[in-house]
Structure formats: C-alpha cells, structure tokens
Amino acid sequence: MSEQDNLPKADGNEENKALENTAIENVEETVKETVNEHTTDSQEPQNENTNDAVINEIDDSNAEDAEDEGTSDRHNIEDKDYSEMSLDALVIELEKLVESQKIQAIKQHVEAIKNEFNEKFNALVEEKKQEFLDGGGNEIDFHYSIPVKRSFNDIYKEYRNKISSHYKGLEKGLKDNLSTRLQIIEDIKQLTELDETMNTKYKQFKDLQDQWKAAGSIPRDKYNNAWNSYHFNVERFYDLLHLDRDLRDKDFEHNLEKKTKIIERAEELAKDENNNRAFRELQALHKMWKEELGPVAREHREPIWDRFKEATKVINDRRQEYYEHLDAVYEKNLAFKIGVIGIIEEKTNDPGNSHKDWQTKIKEVEMLREEFFKAGKVPIKVNEATWTKFKVAVREFNHKKNSYYKSLKKDQYDNLDKKLELIKIAEANKDSEDFTATTQLMKKIQGDWKHIGHVPRKDSDKIWKQFRGACNHFFDRINAKRNEASAEEEKAFTEKEAFLQTVTETKLSGEQKADLETIKGYIAKWKTLGRVPGNKRKIESDFNKALDTLFGALDMNKNEVEMMKFENKLQDLSSAKDQRALENEYTFIRQKISEINGEINQLENNLLFFKHADEKNPLVKSVLDNIKKHKESLVIWKAKLKKIKVMENAKAKAEAEAKAAAEAEKDKAADTDTDE
C-alpha cells in the first residue's frame, strides 16, 4: 500500500473530515493564545530567555545581512586601529576600501576612518589657526587647506554616491520580495482551509517552502516579523499533519538531525580561541536554524532550543571576557594618554625661556603628540573628553611658544642688519691682493658673525650662504696661490697614480693576518710618496676608497679599521700646505662629539617619559638601541680626537724645537761676530 493510500480523503469520509475540522479549530485556538506572545522565533519554545540580548544581537545582524547579502562581507574585512594612522595613511585606507570592497559592507570602517580623520585634521587646523592669530592675523581672514583633505573629501563623496546608488537600486527589489513572502505566508494559511487531500496540501506546502527560499532579500526592519510569521504558520500547518503521523515524523526527524548537527558545531565553536570568528560562525548557525530548517516534534523543541541557547551563551560569555580584556587595555591606554597630556602641560609651564630651551621642548612635544596618537583607543565614554583635554594642552603650548618667538622678532631683525653689514665687508674685500691684512680682517668678521645671534628663519640660510661664499672666495684664492704645483709634487702625483692602480687591482689571499700586513704596507708606501699638487688632491680620497674596499673584505673590528684609515688621513692633512686643514679636522671632530653627546642626552631624557614602560615596548627598545649605537660611535670619535691631539702636540713640539735651534744658531753667530 502506498503512502498516499494511507492519507485521509477529503471527500466521502465524514469521520476524517470532522477530525480535520477539529484539528483546525484546535490549532486556530492555539494561534489566538500565542500570537501576542510571539517574539523572536516561534519555532522555539517561548520563555523569558528568548529575548536574551545575545539572541537579539544575532537576529538583528542576520536581518541586516538578509536585506543585502553583500553586507555580510563586513565580517571578512580586517579591523585596524585607525587611531595610529596619519592623515595620508587614512586616505589611502579609505580609497582601498571604496575601490576593492563591496560598498554596502564597509560602512562601519568608513565611519571610523572619517571620525579619526576629522579629529586629527581639526586638531591641525586649530593649531595653524592659533599660530595665525598669535602672528597678528584676524580670525575672519584665516583659511587653511591641504591636498590630503581635498583627497579625503573626493573619496568620501565617491563612497556616498556609490552607497546611494546601490540602495536606490535595491529598494524596489526589497519591496517586491517582501510582497512575495507575505503572499506565501497567506497561501500557507489558506492551505488549512482548502478542501483537498492532505497529500495534495503537503505537496503544495513543500512548493510554497521552495518559493520562500527563493524569494530574495527583504527590508531588514521587516525581516524578523516576516520570518516569525512564516515559521508560526509552518508550525501551524505541521500540527495538522498528525493526521498522517508518518509524513509529519519524517520531516520532524530530518529537522531534528540537522538542528542537532548545528548544536554540535556550536558546542565545538565554544572551544575556538578566536572569539570573533566563533561568534560570526554562530551567527551563521542561527541563520541556518531559522531560515533553512523547519520544526521538530513538540517534545524535542524546548530541549534542543535550550541546548542551542546554552552553547550560544558559552560563546557569548567568552566573547564578553574578550571585550572585558579590551576594556582593560583601553583603560591602560587612557592612563598613558592622560600621562602624555600631563607632560605637555609641564612643558608649557617649564620656566626655560631661551631659543635652545624652546627648540628642545618643541621636539619633545611633537614626539608626545605622536605617542598620543599611537596609544590606541580609550573607553568611549571618556574619548571626547580626553581628546578635548589633549587639544587644549597642545593649544596652550603653541600659544606660549608663539608668544615667545613673537617677542624675539625685533631682536632678530636687529641681528639681520648687523649681519648684512658684515656681508658688505666680506664682499668688498674678497678680491683683495693684500692677503696678510685681509686674512686678519676675514677672521675677525667671521668671529663677529658667530656672536651676533639669530636672524629671522626665512633669511637665515640665504645670508649665511652669501657670507660664506664671500669668505670662501677669498680663502680659495689664497689656497690656489699656495697650491701651484711644483715639479716634486707632480712627480709624487704620477707615482701615486701608478701605485693606486696596483692597490685597486690587488686580490687578497683570504688569510687575514697576511692580508692586513699587505694593506698596512700599502699605507706605509703611500705616505713615502710625498705631497701632490693641491688641485689634484682627489687622488687621496680615491686611495681611501680603495682601502675601504680592501678592509671590507677582512673580518676585522670596525673600530680598528676606522682608526687605521683615520691615521692615513691625518698624515695627509699634516702634510698639506693649508695649515687650516688639520685645525678644521680638529674642530669638526669636536663638533661631532658635541652633537652625539647631545643626541644621547636627548634620548635618555626621552626615556624618562616612559619610565614605567616595559623595555620590550617597541618605542623604548628603539630608543635604547639608538643610545647604544650613539655611544659606540662616540668611542670612535673620541679616539680620533685623542689621535689628532697627539699629532698636534708632536707638531707643536717639533716647531718649538726647530725655533729653539734656530735661536741657538742665531746666538752662536752673534757670539762669533763679537769675538771677531
């Protein structure tokens, strides 16, 4: 006997007909009792936990995805900390999203980028505005714009146009799909009233289910109500199928099997270390439970729903723990940012009021601003207040800085007039033929220049180049006269040129000790070849480059190699006709040591800002590495200074001995004349 033969007939069987009518009446009564209580998903038992926040959150998210399937791609877009990005980086990130991602999936990211960009740009505008006002400008005349702002506006406008076009095209389809789904619900309702066999009704019901699955997206605000109504009427229809228990139970068993697998997967997800990934898949499981599967037998409905909710709760609890951890991180970021603000306020009130003091403070505050932006998110409830406090601190610092430099302008213009007078003197004497007198004059005005002080920044480089050019012109003329090549120097150049070829073509043996002796021999030989004409001294740097190549092939201590090369350089400088060469090298090394010490002091001072930070912190580690590198460099420069002092002392001693010998010879000659 076929399954159809077991189904009750609608015609010719009054007993079955009466039984069917009674069932319909019972179901309709149940509908009346439960429809007002119906909330999230009527295929699950209704109890006080149905409206749990996590279930509502999942339903709302699924409703959003159901309206437009592309929206679900938002889960696959990497979350980034936009607070660490510069204005340029934010524009690049926005352009990348608009060009490469589905436009409906990037709303959250676009809004986050927009908020971060506006905060940083507005802070920059306020800073520039304060500078403008402190400089005597009128607020009504202030205007500030930069290319990156225009680029941001263009890309954001493109985003708004794309999103608008997308949803305009989507709107009509959503409405049509909603009408289709509501009609399907009505058709399912009407099935219970049709005067046909149960087998026919069941086939029509399955057809309507297929139509429902293919009906397309609907507006998100209608999603949950439509699905609730659909499932309610599906259950209502299934409750009629007790007239054919085999047919009904077959569907119930299928749905129970699928829902059990969903629950098992949810329970597996509870062990996933990636909380966000687990929650996203949980959302998909809820969507599958709701959209793809029908009801189960009444005695299983509450147990499996409770089991599914329990797995959901475990995943959500882990997720909440993760967010609590984030809250702790945000609190730590807040403490760091408040600390940065406090340091900026200290810098503002620092009594140091010289140009050097302010230049140091400006660098420090700029670094603090960067650290503030890199520090990450703070609790949302204090985000605006923290940002406002930061802006006020920076604004006050800039105001005080600008006031100081405004007061310096008059002195700087006076200094400018004094330096322009020195330029006139240098220009007037740069072609003088009286080298002795003019040399003393040039040295004097160079000393005067150093003691005059600062001029307006816009003029500083220009007048320095002009003054230096006039002085260099004069001293170059002296050097040119001194560097007229002698026959002996020309011979030395020819010999060095040939010897350089030998050095350049040398292939080392690979034995370090032997190769080092070879290089030292080259250096010693080079020193014996004498001085070359001043206009051909480039050969000395060529020789040093050749030495660099040879030393580079040896596995030697860097400091030892550097000092060997420096000794060769000193030999060259000491033999030069221009006596300033050795003096200039000495001055250069002193300045270099001073600069490195300054850098070390600055870096060590910066560490005080982060005295509670872990040494593994990338910023702290970077500062410590820089300090180490500078100290290693300082060792070499101090060794060079010591070496040049020894050479100068030896040279001075030799000159003194020569002078004493000359005096003695002179006295001896005088005594001889007296005797005669």
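Analyst: Start with handedness: a crossing is left-handed if the near helix is turned anticlockwise from the far one by less than a right angle, and right-handed if clockwise. By that rule the crossing of α11 and α12 is left-handed. Helices (H or I, at least four residues) are DSSP runs, numbered from the N terminus. The model is predicted; local features need pLDDT of at least 70, side-chain atom pairs count only at pLDDT 80 or more, and totals for chains, interfaces and linings use all residues. Residues are numbered from 1 along each chain as its sequence is written, and side-chain values use heavy atoms, without hydrogens and water.

User: Why are α11 and α12 called roughly antiparallel?

Analyst: The axes of α11 (residues 298–349) and α12 (residues 355–374) cross at roughly 165° and come within 10 Å. Axes are lines fitted to C-alpha atoms, for helices over the stretch in contact, and angles run from 0 to 180 degrees between N-to-C directions. Angles under 35 degrees count as roughly parallel, over 145 as roughly antiparallel, 65 to 115 as roughly perpendicular and the rest as oblique. The pair is therefore roughly antiparallel.

User: What makes α11 and α13 roughly parallel?

Analyst: Their axes cross at roughly 20° and come within 9 Å, so α11 and α13 are roughly parallel. Here too α11 passes α13 in a left-handed crossing.

User: Which residues of α11 and α13 meet?

Analyst: Contact means heavy atoms within 4.5 Å. Among the residues that meet are Leu-334, Ile-338 and Asn-349 in α11 and Val-382, Phe-390 and Lys-400 in α13. The contact of α11 with α13 divides into nine nonpolar, three polar and six charged residues. Ala, Val, Leu, Ile, Met, Phe, Trp, Tyr, Cys and Pro count as nonpolar, Asp, Glu, Lys and Arg as charged, and the others, Gly among them, as polar.

User: How do you know how α16 and α17 are oriented?

Analyst: The axes of α16 (residues 487–504) and α17 (residues 512–528) come within 11 Å and cross at roughly 175°. That makes α16 roughly antiparallel to α17. Lys-496, Phe-499, Leu-500 and Val-503 of α16 make the contact with Tyr-522, Lys-525 and Trp-526 of α17. Five of these residues are nonpolar, none polar and two charged.

Definitions and conventions: Helices (H or I, at least four residues) and strands (E, at least two) are DSSP runs, numbered from the N terminus.
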